[in-house]
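Biologist: I would like to go through the labels used for this model and hear what each one rests on. Please set the value against the cut-off each time.

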Amino acid sequence: MMESGLKDETVRPEMIVVEDLRRNLSSEFGECSDLQDPADLVKEHLKVYLRIRPFSAAEIENGESQDCVAIQLPETVLLKAPRSSLSARLSDKSVPVTAQRFQFSQVYGPETRQKEMFDGTVRSLVKDVLEGQNSLVFTYGVTNAGKTFTYLGPDSNPGILPCSLNMIFGSLEGRIFNQMCLKPQRCRDFIRLTKEQQNEEAASKRNLLKLFKETDAHKNTSCQSSKSDLEDGSSLCDISSTVNENSFALALDMDINTKFSVWVSFCEIYNENIHDLLEQNASNASRRTNLRLCQDVKGNAFIKELKWVQVNSADEAFKVMKLGKRNQSISSTKLNLLSSRSHSIFSVRILKVEDVGIPRVESVSELALCDLAGSERCAKTQNKGDRLKEAGNINTSLLSLGKCINALRNNQQARQHVPFRESKLTHYLQGYFTGRGKACMIVNINQCASMYDETLNVLKFSAVAQKVVVLTTKIAPVVVKRSAREVSFIINNVDRRALRRSSLVRWDPSLEDVQEDSDTEEEDEEGSEMEDTILDAEDEGKETVLLDKQVYEAQLQLIEEIQQQLRKERAELFALESRVREEVTKEFSELISHMQEDYSERISRERELIEERCERRLEILKNLVGKAAGEEDCVESAGIKSEEENHVYLEGMLDSISNDLVEIRKDAQAAQSCLVTSDPRVSGPLHDLEKKVMELSEQLSEAQSQLSLKTQELETQSRLSDELDDMKKDNGEPRAKAMGAD
Ligand SMILES: Nc1ncnc2c1ncn2[C@@H]1O[C@H](COP(=O)(O)OP(=O)(O)OP(=O)(O)O)[C@@H](O)[C@H]1O
């Protein structure tokens, strides 16, 4: 069936070649984490595997089998357009139908068994994870292409996820660290749990597994089924027995005390919201919590407050997985009865623990398995309402993934921005493309003629993805003892927050720092500074701290006591300071009120004085003006009395007025300097007084000018009368009469 495309002589295969990328790629990673030492990075192609799903009976009946897909070599597949396809209709009729060849890391045909698929793709990644590396596997393809079958599979025919769990527990048999005192945290960190926290953790796990039992019982009685349950009717025990023989032999020289603490989480990205599938009420869509995607200082994304469940066996892990799967958003569409409407991410975190004295974490590694929702053409699915909205979100996030893959590919030629932040999915996956670990993509296609165009797009996308080179970090934990001085320095720098939070202890400097982005960090700056100090100290030495349990606890006790003392001293200091402040404030207010009273008294006294003086001066001026007017009349009516006397009198008056004015001015200036000029109660009257003084000055100068005129007139008259007298004396009376007659 597959080879038929090749036998067609008219077919001219268009080779989409994957370049030989074995060249120096040192400058090709514009987007990789700058904080990583390039020496620790290994460059690898993104592994892309293809799986072709078999036809269903209904598809064969509907004539979907038109030999569109053919496997040429174990790595190559040929895609030939059926006559009915859009691309065939659009192509030039004179040119024979084009077949396109695509190359993959490996192609798996329709007959491939699940176990075979797992062994060829994910098995090596599981091994890496057990050795301390991080790995990501994600499925990609159009709806109804077989992604979930590959990812999860029916219980009787488990997919890569259950196979991985089985492989992990098979390999770690006898080495499971089943205490709950160490728990993964954020991206690659962990915390130590107190006794109470461990009890809480155990209770939460019991409840979860109980919930599984209840729903399982419910399912058996009510015949409700999940996607995977519909695919077969077998039990969980069957799964573990199916793949139980799988295990890796751990390093022969591994210490007898080396144990592994395994934790799992399960979440989904649905309509661009992240939900915890292990949340108690996860099945109640309206009450589901939206989780936040955060990142640490090195840009590694992690889901805040995601539930991590400690599992001690493959069976426990399966139960958690099944429970989460039941909570996933799955609906029926025209193309797939049980179509995943969200991207689901199941993560396994493994803490490698040295179980001697206080258990010590040597490394934290993660295997993330991601089942992407399938892209779909709305015309084909005929989705409406919620399904249409879901399809929109699915297509958008897959488009973002496509853009990122393209940009990563182009980045290898010229530096280009990779839009990881465009969708939650790509943001989450970012770390795996920029050095956090290995990534592998399983592309699923079906061979249906009606899906040719969509399949072609998927394969084109895969060809680009295949060319992407990803970075992987080498993790090599080193254990070296520190000197007592260094240990004491670090302990002295342990911050209160770390202690409060049941000792978030950074034992392994090979782990990344875990301080979050400032926009997502909710912790105080003081704490962060202290944390930096610890990190700096650790970075300098690149060593791990080993402490005697008793010394450690004694130091902690001491720190606690010192902190209590410090808190007490601070409280006392605070009380004293507030008492002193209160007393000083009281004293100052009294002083200020006294000063205010003093000033108001002085101001009112000065005002009275000035008013009194002004009135007196005004009186004098009035008198002066009145007198001047009366004397003028007198002079006119009574003739010249004694001009000399008048003149002397007027000058005397003028001097007196000028002196008065000078005095008034002096008084006014003195009053002004005494007064608080900013006080409107004072500045108002003062201003009035100044105005009056000005008016008086003007009147005075006017009087002076009138006086000088009068004086001039008087002088002229007196000169004339003197001349007359002289003439009288010289000419006698007649002449004087004659002159008078003239
Ligand atoms: N390799 C296979 N062998 C047998 N049956 C398969 C295989 N792959 C897929 N199927 C069947 O094909 C159907 C569709 O598969 P599946 O639900 O895994 O598609 P999907 O890509 O996850 O779709 P969606 O994106 O809509 O969730 C299922 O009934 C499944 O059992």
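**Labels and their cut-offs**

Biologist: Why is alanine 670 called partly exposed?

Modeller: Alanine 670 has 13 other C-beta atoms within 10 Å. A residue is buried if 20 or more other C-beta atoms lie within 10 Å of its own, exposed if 12 or fewer, and partly exposed in between, with C-beta atoms placed from the backbone. The count of 13 falls in between, and therefore alanine 670 is partly exposed. This is a predicted model: local features need pLDDT of at least 70, side-chain atom pairs count only at pLDDT 80 or more, and totals for chains, interfaces and linings use all residues. Residues are numbered from 1 along each chain as its sequence is written.

Biologist: What makes glutamate 362 buried, partly exposed or exposed?

Modeller: Glutamate 362 has 19 other C-beta atoms within 10 Å, and therefore counts as partly exposed. Glutamate 362 belongs to strand E19 (360-371). Its C-alpha is 9.9 Å from that of lysine 259, which is 103 residues away along the chain.

Biologist: What is the phi of arginine 186, and is the residue buried or exposed?

Modeller: The phi of arginine 186 is positive, about 45 degrees, although the residue is not a glycine. With 21 other C-beta atoms within 10 Å, arginine 186 is buried. The loop that holds arginine 186 runs between strand E9 (182-185) and strand E10 (189-192).

Biologist: Why is H5 called oblique to H7?

Modeller: Two packed helices are described by the angle between their axes and the distance between the axes. The axes of H5 (123-130) and H7 (160-171) come within 10 Å and cross at roughly 45 degrees. That angle makes H5 oblique to H7, because angles under 35 degrees count as roughly parallel, over 145 as roughly antiparallel, 65 to 115 as roughly perpendicular and the rest as oblique. Axes are lines fitted to C-alpha atoms, for helices over the stretch in contact, and angles run from 0 to 180 degrees between N-to-C directions.

Biologist: Which residues of H5 and H7 meet?

Modeller: Arg123, Val126 and Leu130 in H5 meet Ser164, Met167, Ile168 and Ser171 in H7; residues are in contact if their C-beta atoms, placed from the backbone, lie within 7 Å.

Biologist: What makes H7 parallel or antiparallel to H11?

Modeller: The axes of H7 and H11 (314-327) come within 9 Å and cross at roughly 155 degrees. That angle is over 145, and therefore H7 is roughly antiparallel to H11. Leu161, Pro162, Leu165, Asn166 and Phe169 in H7 meet Ala314, Ala317, Phe318 and Met321 in H11. By class, this contact has eight nonpolar residues, one polar and no charged. Ala, Val, Leu, Ile, Met, Phe, Trp, Tyr, Cys and Pro count as nonpolar, Asp, Glu, Lys and Arg as charged, and the others, Gly among them, as polar.

Biologist: How many residues surround the ligand?

Modeller: The shell holds 18 residues, and the closest are Gly146, Thr148, Phe149, Ser339 and Gly374. Helix H6 (147-151) and strand E17 (339-340) each give two or more residues to the shell. A residue is near a molecule if its C-beta atom, placed from the backbone, lies within 6 Å of it.

Conventions
Helix = DSSP H or I, 4+ residues; strand = E, 2+ residues; numbered from the N terminus. Contact = placed C-beta atoms within 7 Å.
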